[in-house]
Every structure is written in structure tokens, then in C-alpha cells.
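Good morning, and thank you for coming.

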Amino acid sequence: MSSIKIELRQEDVNKIKDICASFKNDPQELINVLHKCQEHFGYLPAEVQEVVSNELVIPVAKIYGVVTFYSFFTMTPKGKHPISICMGTACYVRGAEKVLDEFKKELGLQVGQTSADGKFSLSSLRCVGACGLAPVVMVGDKTYGRVAPDDVRSILKEYD
Amino acid sequence: MMCNEVQTVGALSAVNRGFMATVAPAFEQNLEHSTCTYCGQCVAVCPTGALTEVDHTPDVLRALADPSKTVVVQTAPAVRAALGEMFGMEPGTLVTGKMVTALRALGFDYVFDTDFAADLTIMEEGTELLDRLTRHLKGDKTARLPILTSCCPGWVNFFEEYFPDLKDVPSTAKSPQQMFGAIAKTYFADKIKVDRKDLVVVSIMPCLAKKYECQREEFSVDGNRDVDFSISTRELGAFIKQANLDLNNLEENDFDAPMGESTGAGVIFGNTGGVIEAAVRTAYEVYTGKKLEKIDFDVLRGLDGVRSATIDFNGLPINIGIAHGLGNARKLLDEVRSGKSMFHAIEVMACPGGCIGGGGQPLHHGNSDIIKARAAAIYAEDKKKPLRKSHENPFIIKLYKEFLGKPNSEIAHHLLHTHYFDKKKKIVVKQ
């Protein structure tokens with residue numbers, strides 16, 4: 001996975017240091033530290049991982065291993081309106097894949113990507129616990145139920 | 001895992017998950033952008049054989065095939081104790097003489113020994129140790145102790161990355177490989193009247209970091225490297241097989257003169273504890289002016305990861321530390337950094353066992369009996385040598401007389417010493 005090159009500002013570095021310090025720079029707290037960092041930055045670019053590596057004294061390769069292992073962590077910034085399509089069993093058998101394909105086509109994005117203008121990002125997830133509404137799509141905090149491929153265009157229009 | 005736990009380098013990690021899982025550096029960048037020291041231990045222990053070195057044998061072949069080039073080869077001490085394993089011989093079989101014959105058959109014009117340069121290293125490093133020691137004893141605060149050995153390129157890469165604040169602590173002496181190259185392309189090139197550009201120096205090393213070391217910019221003159229190519233013991237084994245030579249059936253021959261002559265002190269450079277033992281043999285006699293009664297220093301030998309010993313220099317106790325494996329080296333370095341180190345001199349080798357367990361050696365699949373057999377072979381070769389102290393090597397004495405003057409002279413400094421760089425990865429902050 002390639003990452004977007006950014007330069008951290010001093011205040012960003014300080015923020016990461018504060019987060020690490022709040023866990024007493026304990027290397028065992030790596031996942032909690034990464035959660036907090038992602039909460040703050042929205043994603044975990046290489047530069048953030050490098051500062052965490054310095055603070056917790058963990059090789060950056062190991063941190064990258066953790067970041068790429070857990071699907072919750074991401075190294076690409078999420079869009080302003082993150083779109084998640086549920087690919088859990090119930091949604092899947094009711095046609096979630098076709099809905100996902102329609103989003104991919106409309107946005108020109110693959111799962112895990114963010115549009116160039118930073119407006120939308122596309123991801124899939126497993127079961128939001130609303131199987132009665134299958135297939136389910138979430139945009140930000142808003143939930144759409146019983147979505148058909150034909151609905152995709154009108155959902156996206158809401159965010160123009 | 002070797003990289004993270006034994007070496008504490010942490011260049012490699014398991015990344016991604018499921019079918020996408022691989023072993024890779026951070027952000028899947030090339031190793032050169034990682035903290036990798038090129039020790040090659042990942043290659044040595046890779047359970048699937050997925051990791052290999054970059055093969056420089058084709059470059060060597062091209063040089064051998066070029067009639068305008070004079071090609072010189074040097075072989076490191078640890079190679080002779082392991083190469084035989086690739087031809088079905090028992091671990092610990094010494095193949096020094098057969099290896100020389102094979103190298104001649106492959107077309108090298110001069111077959112020399114890195115051990116010669118190891119003797120030279122002792123002259124330079126030993127003198128530096130005694131100089132720092134005497135200045136330190138006189139109360140000179142600029143004379144920093146302990147002195148650290150600097151023969152091992154994986155180790156040099158390690159402290160440049162992790163301990164750049166201590167970069168004035170290691171000896172400034174170049175490694176034997178590079179000393180050999182520097183002398184070959186000046187003194188020896190002049191002797192045989194060949195321009196350095198037409199002289200190709202190849203090294204056979206038990207080591208993969210040597211490939212990086214010989215490509216360091218500071219080890220070349222106008223883009224012409226002191227050591228042009230470095231190939232591993234494994235690459236040499238494959239090369240010999242490719243030429244349809246069976247090492248078992250070759251006769252034994254001697255290295256060429258003058259850069260093929262060495263003492264037992266040069267041979268033991270291949271074992272952990274060997275460099276410092278060689279240094280002690282010379283430093284003791286130079287410092288005390290007395291003849292060493294017992295040449296074997298058993299207290300400095302063995303395979304424990306961190307060892308220490310005190311050697312009596314005629315009433316002056318010299319504390320010596322030894323570490324092999326970079327994780328063990330880190331422990332001693334942390335002590336140096338915090339000012340708690342009680343050692344006068346520390347030897348470090350990056351690979352477990354020293355060079356005999358190097359990343360370029362025939363694979364031992366974690367069998368430590370093989371490492372022990374190789375170590376015993378090295379000590380056996382040392383015992384066989386008529387001369388066992390570097391300063392007694394007649395060709396080294398001649399080299400100083402004809403060319404270098406005395407150890408740590410101006411020309412010796414120019415050709416045989418180096419300096420180190422701060423290579424710690426910095427975090428870039430936007431202004």
C-alpha cells in the first residue's frame with residue numbers, strides 16, 4: 001500500500017507525543033495509541049506512524065504491520081462523506097455486491113480509495129446489525145436500507 | 001523473529017493479512033529506505049528460501065573475461081571454514097588450499113587473502129587502542145574509551161542508525177576488506193604497474209553487508225571503488241559448480257605473495273572474540289615490551305552472546321567486552337551511552353557466532369553444531385600457522401617500511417581510516 005506523503009506540523013507532532021504520553025509511552029498500548037491518532041487525524045499516514053515509533057520505541061515496520069492487519073486502521077484519508085457498503089451475509093445475498101459495483105462505477109473508485117476532491121471515500125464493512133434493512137449503505141452517520149443499484153445515483157445527489 | 005528480536009533492528013515485519021500477508025519493510029519500501037543494516041541474517045534463516053542476496057557473480061565474470069583488466073581476489077577468513085559444506089564436506093572442513101586452486105582455475109590473476117589486511121587492521125586498530133588508552137590514563141578527557149572494533153559493516157550500519165551520538169567511539173580503522181582494497185589499488189597497483197582503473201578487486205565474503213560497504217562513496221577514488229565487487233561464500237560455491245569444478249578433487253595451493261601472507265591472528269577474525277584476541281596479542285607485546293607466553297586467550301572465546309574478560313597488561317588490568325548479534329551489541333552500547341561501561345575495548349560482530357555465521361555463508365538451518373565446527377576449524381588454522389601475531393607478519397613489516405611508515409601515520413590515516421555518519425531517520429517537520 002502506498003501512502004500519501006505529508007509533512008507534519010510541530011503541533012501535530014506534539015499532539016502525537018501527547019497521545020503517546022497519555023498511555024505512558026507503553027509499547028503494549030500501541031493499538032490504543034493508533035486508535036487515538038486515527039481519531040485525531042482521520043487516518044494514519046506514514047509520518048504519524050514514524051512519530052509513534054519514536055515515542056513508543058517500536059520499529060516502524062511493526063507498526064505498519066499492525067496498521068495493515070486491522071481493517072479499522074487506514075493509511076488513506078477518509079472522504080468528507082465516507083460511504084460504507086455492508087457486505088455481511090444478509091446484505092450480500094440480497095445484492096450488496098451489485099450496489100457496491102454501482103458506487104464504484106459512479107465514483108470511479110475502488111474500495112479503500114478516496115476521490116481526488118476528498119469528498120467521498122468508499123469502503124465495505126461486515127454487518128451493521130440491521131439485517132432487516134438489507135442491503136444497507138451508510139454515508140457518514142446516515143443509514144440507507146433496502147438499497148437497489150438504481151438508488152445509488154440519487155443517494156450521491158444528496159451530497160452535492 | 002531474527003530481525004526484530006535477535007538483531008533488534010526491526011527492518012522487517014509481517015504486514016497485511018490473509019492471502020496478502022508478506023514479510024516486508026515499513027510501508028513496503030525498499031530496504032535501503034528502512035533501518036536495515038544488511039547483516040543478511042534474514043537470508044540466513046529464511047524458512048522458505050524466499051530471501052536471497054543480489055548476485056554480483058555476473059559482474060565478476062565480465063571482469064574476468066575482459067583482457068584489459070587485472071583481477072585480484074581476496075578471501076575472508078570465515079569462507080575457508082564453510083565453503084566445503086557446499087561440496088558435501090563435513091562442517092568444519094578447512095578448504096583453504098583447494099579454494100585457492102579453484103580461484104586460480106576460475107581465472108583470477110592474483111589470489112590473495114583478506115587475512116593479510118586483517119593483520120594490517122590490527123596494526124592500525126591496536127595502535128589506536130594503545131594511543132587512546134595511554135592518553136586516557138594520563139587524564140586526557142578527549143581520549144574516549146571504550147574503543148569499539150569497526151571491522152563489521154553490519155555493526156557500523158547499526159550504530160550509524162541507532163547510536164549516531166556515539167560515532168566517535170568506534171575505531172576509525174577501516175575493515176580488512178576495505179584496507180585490502182585501498183592497499184591493492186595503491187601500493188600493489190604501483191608494484192605491478194597497472195593503473196587502478198584496470199585493476200579489479202573482488203572480495204569473497206561470508207557477509208552480505210560487505211556488498212554495501214564496498215559501495216560506500218567514501219571508499220572510492222573518482223568513482224573507482226577500492227573493492228569493486230563483493231560476492232558471498234554461497235555465490236562463490238555456485239560459481240565453482242558452474243565452472244564444473246569439484247572442490248573435493250582439487251589439489252591444495254598457497255596464496256600469492258605479498259598480500260596472501262597472514263598470521264594466525266588474521267585468521268581468527270572470522271570468529272566472535274577473534275578480532276579482540278588478535279588485537280590483544282599485538283597490543284600486549286607492544287605495550288609491555290614483553291613476549292606473550294601463552295598466545296591462546298581462552299577467556300575471549302566461546303559462543304555466549306555477551307562475554308567479558310580482564311587481561312593483565314603487566315599490572316594494568318584491561319577490561320574487554322565482546323558481543324555478537326546486534327541485540328547483544330545494543331546492550332553494551334546502551335551502557336556506553338549512559339556512561340556505565342567499565343570496558344576499555346569492545347568487539348562487536350553483527351552475526352551470531354561472528355563472520356562464520358554470516359549472512360552470506362552456506363545455510364546452517366539453525367544448527368549451532370555447524371557454527372561450532374566452523375569456529376573450531378578457524379582456531380585450528382590459527383594453531384597451524386608458524387606466526388600468530390599480526391606485528392610479526394614479515395609482509396606487514398615490509399609494507400610499513402616501504403610504503404606506510406608507521407601505524408597511524410599520515411598516509412596510513414588517509415588510506416586505512418575512515419569516519420562515520422549520522423544516518424538516523426529524521427522526522428520532517430513543516431515550518
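This is a predicted model: local features need pLDDT of at least 70, side-chain atom pairs count only at pLDDT 80 or more; totals for chains, interfaces and linings use all residues.

In chain A, residues L30(A), V33(A), C37(A) and F41(A) of helix α2(A) meet V48(A), V52(A) and L56(A) of helix α3(A). By "meet" I intend contact, for which the C-beta atoms of two residues, placed from the backbone, must lie within 7 Å. Helices and strands here are DSSP runs, numbered from the N terminus: a helix is H or I with at least four residues, and a strand is E with at least two. The residues of this contact divide into seven nonpolar, no polar and no charged. In this classification Ala, Val, Leu, Ile, Met, Phe, Trp, Tyr, Cys and Pro are nonpolar, Asp, Glu, Lys and Arg are charged, and the others, Gly among them, are polar.

Residues are numbered from 1 along each chain as its sequence is written, and chains are lettered from A and ligands numbered from 1 in the order in which they are written.

How is such a pair of helices described? Two packed helices are described by the angle between their axes and the distance between the axes. Helix α2(A) covers residues 30–41 and α3(A) covers residues 46–56; their angle is about 145 degrees and their axes are 11 Å apart. The axes are lines fitted to C-alpha atoms, for helices over the stretch in contact, and the angles run from 0 to 180 degrees between N-to-C directions. The crossing of α2(A) and α3(A) is right-handed. A crossing has that hand if the near helix is turned clockwise from the far one by less than a right angle, and is left-handed if the turn is anticlockwise.

Helix α3(A) has another partner. Helix α1(A), residues 10–22, has an axis that comes within 10 Å of the axis of α3(A), and the two cross at roughly 45 degrees. Are they parallel, perpendicular or oblique? The helices α1(A) and α3(A) are therefore oblique to each other, since angles under 35 degrees count as roughly parallel, over 145 as roughly antiparallel, 65 to 115 as roughly perpendicular and the rest as oblique. This crossing, of α1(A) past α3(A), is right-handed. On the α1(A) side we find V13(A), I16(A), K17(A) and C20(A), and on the α3(A) side V48(A), V51(A), V52(A), E55(A) and L56(A). This contact has seven nonpolar, no polar and two charged residues.

Let us now view chain A as a whole. It has seven helices and five strands, arranged along the sequence as β-α-α-α-α-β-α-α-β-β-β-α. Its C-alpha atoms fill a box of roughly 50 × 30 × 25 Å along the principal axes. Of its 160 residues, 31% count as buried. A residue is buried if 20 or more other C-beta atoms, placed from the backbone, lie within 10 Å of its own, exposed if 12 or fewer, and partly exposed in between.

Two loop residues illustrate the middle class. V111(A) lies in the loop between α6(A) and β3(A), and it is partly exposed because 15 other C-beta atoms lie within 10 Å. Beyond its sequence neighbours up to four places away, V111(A) touches L122(A), S123(A) and S124(A). T76(A), in the loop between α4(A) and β2(A), is partly exposed as well, with 18 C-beta neighbours inside 10 Å.

What of the interior? In soluble globular proteins, nonpolar side chains tend to be buried together. A nonpolar core is a set of buried Ala, Val, Leu, Ile, Met, Phe, Trp, Tyr and Cys residues joined through C-beta atoms within 7 Å. The largest has 145 residues, and those with the most contacts inside it are V72(B), V73(B), W155(B) and V202(B). Helix α5(B), residues 114–137, gives the most to this core, with nine residues. A second, separate core of 15 residues includes I85(A), F103(A), F120(A) and V136(A).

Finally, the two chains touch. Their contact takes 19 residues from chain B and 19 residues from chain A. On the side of chain B, the largest share, three residues, comes from β1(B). That side divides into 10 nonpolar, six polar and three charged residues.
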